[in-house]
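Biologist: Could you please walk me through how some of the helices pack in this model?

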Amino acid sequence: MAQQVQATAKEAPAPAIPVLSPYKMGPFELSHRVVLAPLTRNRSYGHVPQPHAAVYYTQRATRGGLLITEGTGVSATGEGYPEIPGIWTQQQVEAWKPIVDAVHRKGALFFCQIAHVGRASNNEYQPNGQAPISSTDKQVTPDDSGIAYSKPRRLRTDEIPHIVDDFRHAARNAIEAGFDGVEIHAANGFMIDQFLKDSANDRTDQYGGSLENRCRFPLEVIDAVVAEVGAHRVGVRLSPYMDFMDCFDSDPEALGSYMVQQLNKRVGLLYGHMVEPRMTIVEGRRKIVHGLLHFRKQFNGTFIVAGGYDQEEGNKVVADGYADLIAYGRLFLANPDLPRRFKLNAPLNKYDRSTFYTQDPVVGYTDYPFLEEKEDSTTTDA
């Protein structure tokens, strides 16, 4: 009898790990739910992607996994930091192609996050040293980061369609470069977020004032990109609760709900990607607030969450139906084989914050170690 019990126990399947379970995202079949979050890495010299980016992204690519690029500029006016990539020129498109091909050879899906930083810039990064453009002419208040943002110029009403077209053109270029889709960066205090939030949008035209007006430009961007590449290739990142670079909203729940409702009207939109509210301290530990449930319940498509998740928290929110996919940033940066480490419950490399935004093509970029390779017949590409 004991032998029979032992045999039955041996044959019992291992408990499912929620973040490593498969998921169908629109037309795409994912083998797991661990997503590489968009992470600025400052290694694209002259705003042109470099061969070392192929190493970085393929290190983190798995068969059926989803990677999202670092924020990639849609125009020369959209840059605000040293050596971040763009996708508005043919040279940039050609530079992205071998990087995308390398990721696809690993069997992964690859989305390009298209972005415009707006007033989060400095004259030195702008064409001819001009002022950065934004929803407003209010300058970002200096803080202790050491970054100095120049006084922006408020876009004229007649200029806004040109910015919309920059996003459309960047999306088309991304598909030409071979990306599976694009993520529209409407978060983190950048251009689209500056229009969305009432702290940074003091306009009196049809793009300012009411909630509907503040959301007009973002929705025009989404519609233009969807018309260009198809809703099934488009995701949108939002951070209604974020207070960053003087960009916050007096009623973030209303803002997030309105945008989610509008995304639902864009039938077939692939995913919504939202950033959690800031962490809070509970009993001496940093805990995620888990403040996105209201939006999760409203949204019809795939729901991705980001913001300080580890494996335990990721498993919990997937199992609870709070999220479909989890975007990992710092952990994935420091652990190129993160899904495998999750599967084996292996220890994680510690990240080095001092090398996040340096321009070295190796240090802090492609030199984080993998687990030692070992024969494991149960290990898959996940």
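Modeller: Helix α2 passes helix α3 in a right-handed crossing, where right-handed means that the near helix is turned clockwise from the far one by less than a right angle. This is a predicted model, in which local features need pLDDT of at least 70 and side-chain atom pairs count only at pLDDT 80 or more, while totals for chains, interfaces and linings use all residues. Residues are numbered from 1 along each chain as its sequence is written, and side-chain values use heavy atoms, with hydrogens and water left out.

Biologist: At what angle do α2 and α3 pack?

Modeller: Helix α2 (residues 51–59) and helix α3 (residues 90–105) pack at about 25°, with their axes 9 Å apart. They are therefore roughly parallel to each other, a term for angles under 35 degrees.

Biologist: Which residues make that contact?

Modeller: Ala53, Ala54, Tyr57 and Thr58 of α2 meet Trp96, Ile99, Ala102 and Val103 of α3, contact being heavy atoms within 4.5 Å. By class, seven of these residues are nonpolar, one is polar and none is charged.

Biologist: Turning to α4 and α7, how far apart are their axes?

Modeller: The axes of helix α4 (residues 160–176) and α7 are 9 Å apart, and the two helices pack at an angle of about 35°. Their crossing is right-handed.

Biologist: And how many charged residues are in that contact?

Modeller: The contact of α4 with α7 has four charged residues, alongside eleven nonpolar and no polar ones. Among its members are Arg168 and Arg172 of α4 and Glu220 and Glu228 of α7.

Biologist: What about α7 and α8: how do they cross?

Modeller: The axes of α7 (residues 216–229) and α8 (residues 252–265) come within 11 Å and cross at roughly 25°. That makes α7 roughly parallel to α8. The crossing is right-handed. Pro218, Leu219 and Ile222 of α7 make the contact with Tyr258, Met259, Gln262 and Leu263 of α8. These residues comprise six nonpolar, one polar and no charged.

Biologist: A change of topic: is Thr366 buried or exposed?

Modeller: Thr366 counts as buried because its relative accessibility is 14%, and buried means under 20% relative accessible area, with a 1.4 Å probe and protein chains only. Thr366 lies in the segment after α12 (338–344).

Biologist: Which residues does Thr366 touch?

Modeller: Leaving out residues up to four places away in sequence, Thr366 touches His52, Val55, Tyr56, Gln59 and Pro361.

How values were computed: Axes are lines fitted to C-alpha atoms, for helices over the stretch in contact, and angles run from 0 to 180 degrees between N-to-C directions. Helices (H or I, at least four residues) and strands (E, at least two) are DSSP runs, numbered from the N terminus. Angles under 35 degrees count as roughly parallel, over 145 as roughly antiparallel, 65 to 115 as roughly perpendicular and the rest as oblique. Ala, Val, Leu, Ile, Met, Phe, Trp, Tyr, Cys and Pro count as nonpolar, Asp, Glu, Lys and Arg as charged, and the others, Gly among them, as polar. Buried means under 20% relative accessible area, exposed over 50%, partly exposed in between (1.4 Å probe, protein chains only).
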